[in-house]
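Please keep the sequence and the 3D view open as you go.

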Amino acid sequence: MRMRILEISVGAFIVAGALALVGLALNVSGLNVSNSDQTYTVYARFENIGGLTPRAKVTMSGVAIGEVNEIILDKDELMARVEMNIYGDVDFLSIDSSASILTAGLLGEQYIGISVGAEDDSLKDGDYIEDTQSALVLEELIGKFLFNEVSE
Amino acid sequence: MINQLARLGHKGLSKLAAFGRAGMILFQSLVAAPQPLIMFPLLVKQIYFVGVLSLIIIVVSGLFIGMVLGLQGYTILVDYGSEQAVGQMVALSLVRELAPVVTALLFAGRAGSALTAEIGLMKATEQLSSLEMIGVDPLRRIIAPRFWAGFICLPILAAIFALVGIYGGALVSIDWLGIYEGSFWANMQNSVDFYDDVVNGLIKAVAFGFVVTWIAVFQGYDCIPTSEGISQATTKTVVYSSLAVLGLDFILTAVMFGEL
């Protein structure tokens, strides 16, 4: 009987550990299993990505519709090329959609906001978003402001 | 002068020999000829002693550490108007650092010292040599199950610690300090990555479990078989394993998060 209680408590311990891991995965790190395999890839070239990082979210009207997968420097165009994974069920982004790099709050993280255009055809896997707007870099803004002040 | 030099050399050589013995214990009890069928009931018993009985101290300290983190984080972050980030702060500091390290330190004090004292007393009362006499390898029968138990238990305890701590932080910041629940969890989920943070934290816990149990088992097996020797070995276990955990933590953090 003693051995049985012992075995049960050890089993419960290991199950508790597994549950804690599942809790950490789902509740704390927000690991999303369902969306990950049904995404399509869309590219966009930006003059300046500011502080955008991989895993930053891609939003439309503030709702997350995907995430940034990879950022590389495009040697031919001399611009940053951002690879985005868009969830498969968001298949209505028109080909003249525009992408801009926005900041959450004053000091928050940067993310990509997509606004949909008017065309009927929608973006497919591997397409480029042509209309892009770069990140707002605070130093450039201040520089422009100072320059205007001086020239007046 | 020469005498002192000789003593230094002697000390160095005996330390080196101790390392060698520790390595041999590790090899003989784990690698050489494992017997899973015989070991399983022994392992269950050891997991009970090492893991299940450590659960209370882990849960209680995890809860309080999470609550303190929530409280301290709130008082600092509220100055910058970003108190929603408290969830992210609590979760990242627990999952990456505090859960594996504090669990390992508590584990060294709670379970490691007990392991050393138990094995040391077995040696002092010549139970180990009696086992050898009747043809049972004490390394396989006594050391190996304790080793595996520590190895298995520490990651489980660390995961429980982290989860309990995060809920402790949530309790303080959502229910007492009035942070909006949605932004607490959303900020946390945005910033904590499963592979980079949770899995790396568990890898740390596995490494600490290995080191702490190794030190505990070795100190017990290698102690001077007197009551004084056992007390020294127990002290050494706690001191050495705490130092090893903290040092190893820096190295692992530098490799995992420091972009080395």
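This is a predicted model: local features need pLDDT of at least 70, side-chain atom pairs count only at pLDDT 80 or more; totals for chains, interfaces and linings use all residues.

Residues are numbered from 1 along each chain as its sequence is written, while chains are lettered from A and ligands numbered from 1 in the order in which they are written.

**Chain A overall**

- Chain A has two helices and eight strands; helices (H or I, at least four residues) and strands (E, at least two) are DSSP runs, numbered from the N terminus.
- Along the sequence, these elements of chain A come in the order α-β-β-β-β-β-β-β-β-α.
- With a radius of gyration of 23 Å, well over the 15 Å that the globule rule gives for 152 residues, chain A is more spread out than a compact globule. The radius is taken over C-alpha atoms, and the rule is 2.2 Å times the number of residues to the power 0.38.
- Along the principal axes, the C-alpha atoms of chain A fill a box of roughly 90 × 45 × 30 Å.
- Domain 1 (1-31) and domain 2 (39-142) make up the domain assignment of chain A, with bounds from an automatic or database assignment. Taken over C-alpha atoms, the centres of these two domains of chain A are 41 Å apart.
- Of the 152 residues of chain A, 22% count as buried, meaning that 20 or more other C-beta atoms, placed from the backbone, lie within 10 Å of the residue's own.

**Strands of chain A**

- Strand β5 (residues 98-103) of chain A pairs with strand β6 (residues 110-115) of chain A in the antiparallel sense over six bridges; pairing requires that DSSP finds at least two bridges.
- β5(A) also pairs with strand β8 (residues 131-133) of chain A, in the parallel sense over three bridges.
- A:Ala99 has bridge partners in both: A:Ile114 in β6(A) and A:Thr132 in β8(A).

**Contact between chains A and B**

- The contact takes 18 residues from chain A and 22 residues from chain B, where contact means C-beta atoms, placed from the backbone, within 7 Å.

**A helix of chain B**

- Helix α3 (residues 55-77) of chain B has 23 residues.
- Buried residues in α3(B) include B:Ile58, B:Gly62, B:Ile65 and B:Gly66.
- The cover over the buried residues of α3(B) includes α4 (86-124) and α6 (138-176) of chain B.

Terms used. A residue is buried if 20 or more other C-beta atoms lie within 10 Å of its own, exposed if 12 or fewer, and partly exposed in between; C-beta atoms are placed from the backbone. Two residues are in contact if their C-beta atoms, placed from the backbone, lie within 7 Å. The expected span of a helix is 1.5 Å times one less than its number of residues.
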